[in-house]
Amino acid sequence: MSGDAWKEGGIDATGALMVLTLKVISCAINYNDGLLKEEELREAQKKYRLIKLPSMIEYFGYCLCCGSHFAGPVFEMKDYLDWTEGKGIWAHSYKGPSPYGATFRALVRAAFCMAIYLYLVPFHPLSRFTEPIYQEWGFWRKLSFQYMSGFTARWKYYFIWSISEAAIIISGLGFSGWTESSPPKPKWDRAMNVDILGVELAMSSVLLPLVWNIQVSTWLRHYVYERLIMKGKKPGFFQLLATQTVSAVWHGLYPGYMLFFVQSALMIAGSRVIHRWEQAIPMNLLKKALGFMNFACTLLVLSYSCVSFMVLNLRESLALYGSVYYIGTILPIALILLGYIIPAKPARSKARKEQ
C-alpha cells in the first residue's frame, strides 16, 4: 500500500498523483469562475479565473510540469500561462533577476535538511513505538519521544520541498515580484512550501498552515474553506473541519490521516480561543503568559497529533494516543469549551471609544 511505502521512507506514484489532483481541480474551478459574473467572485477568484479554455498543450504542460510533478509545489494555471507566454512579472520587456543565487541557497538548505534527518532517524525510529521499552517509559518520556519522532520526520519533508523549490526557482516560475526595500530585491516565494523556523517555533496553531505545506494550504483556503462560507456570514468550526477532512482524504484513505487532520482542526480551534483571550486582556504580563501558553499548547498537541500521521494504523494510533492519556485531544476540546464559558470581550481602542 502507498502509505506503507511512505512510512518506510520510500516513494511511489501517489505523490505525483496528489499534486496532479490539485492542479486538475483548480484548473476546472478557475475555468468555471471565468464563466461567472465578476461581481459575484471573491478577490482570489477574480485573480485566477480563466476567461478562455487552455489548449491541450498548455493543459498537459501545466499538469506535468517537471519541476513540481513529484512533490509540488502547486501553482495556478494563470501564473503558469503568464510565465510561458512572458506576461506580467515575466514580461520580456525587461531583464528578470538571476535565479542562481536563490537556487543555490535552496539546494544548500536541502542538503542540510537531509543531513539532519539521516543523523536523527536512527535515534528515533517508528519501530520504537511497538517495542516493550516504550511501554516502560513514564508519561513525559513518552511525550518527549513522540515530539522527537515528529521533529525527525519533518526534516525529510523539508528536504524534498527544498529540492522542489530549487527546481521551480531555476526555471524562473518561482519569481513572485520585488520587495519594497531600497534597492528592491527579487522575491522567490512562489515556490516556497515551508518556513522551517516558522514551523518549529510556531507561537500558535493558527500559524501552522501559513508555514507548513504552504502552497497546499493556500489551495485548500481558496478552493475549499472560502467556498464553504455563506455570503454575509463568518467562517466557523464547520468550515475548518470540512477543510481538514478534505485534506485528510487527499492524503490517502488511512485512519491515521483522518485522525491527524481532525486533531489539527481541534488544535487550531483551541489555539484561536487562547488568542482571543490574549487580545482581550490589556495587561502585558498576562498577555505574555497567554502567548507562552499558546506556544506550549501548539508544541504539545502538534507532537501528539503527528503520531497518527506517521504510523497510519488506527489501532496503533489510538494506543499511542492512550499512552499519554489522550492529552492532545482533551486539551484543545477543553479550551474550546472554556471559550464558551469564558468568552473573550476585546477591549475597545481609545479611538473606537471616541467614535
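Let's start at helix 5. Its buried residues are covered by, among others, helix 2 (14–34), helix 3 and helix 4 (56–63). Keep in mind that this is a predicted model. Which residues of helix 5 are buried? In this helix, residues 77–85, they are M77, D79, Y80, L81 and D82. After helix 5 comes G86, and its phi is positive, near 70 degrees.

D79 leads us to a pocket. The second largest pocket has a volume of about 460 Å³. It is lined by 18 residues, and D79 is one of those closest to its centre, along with Y48, R190, Q215 and T218. Which helix gives the largest share of this lining? Helix 11 does, with 7 residues. Helix 3 (43–48) and helix 11 (214–225) each contribute at least two lining residues. So much for position; now class. The lining of this pocket has 8 nonpolar, 6 charged and 4 polar residues.

Now the cores. Nonpolar side chains tend to be buried together in soluble globular proteins. The largest nonpolar core here holds 26 residues. W155, Y158, V194, I196 and L208 touch the most other members. At least two residues of this core come from each of helix 6 (100–120), helix 8 (139–171), helix 9 (196–200), helix 10 (208–211), helix 13 (255–280) and helix 14 (284–311). Another core lies apart from it, with 17 residues, including C65, W90, A102 and F175.

What does L208 contact, leaving aside neighbours within four places in sequence? The partners are V199, A202, M267, T298 and L302.

Technical notes. Residues numbered from 1 in each chain as written. Predicted model: local features only at pLDDT ≥ 70, side-chain atom pairs only at ≥ 80, totals over all residues. Heavy atoms only, no water. 1 Å grid on protein atoms, 1.4 Å probe; cavity = no way out; pocket = protein on both sides within 12 Å on 5 of 7 lines; lining within 4 Å. Points joined across faces, edges and corners; volume = space filled by probe spheres on them. Helix = DSSP H or I, 4+ residues; strand = E, 2+ residues; numbered from the N terminus. Nonpolar A, V, L, I, M, F, W, Y, C, P; charged D, E, K, R; others polar. Core = buried A, V, L, I, M, F, W, Y, C linked by side-chain atoms within 4.5 Å. Buried < 20%, exposed > 50% of the residue type's maximum accessible area, 1.4 Å probe, protein only. Contact = heavy atoms within 4.5 Å.
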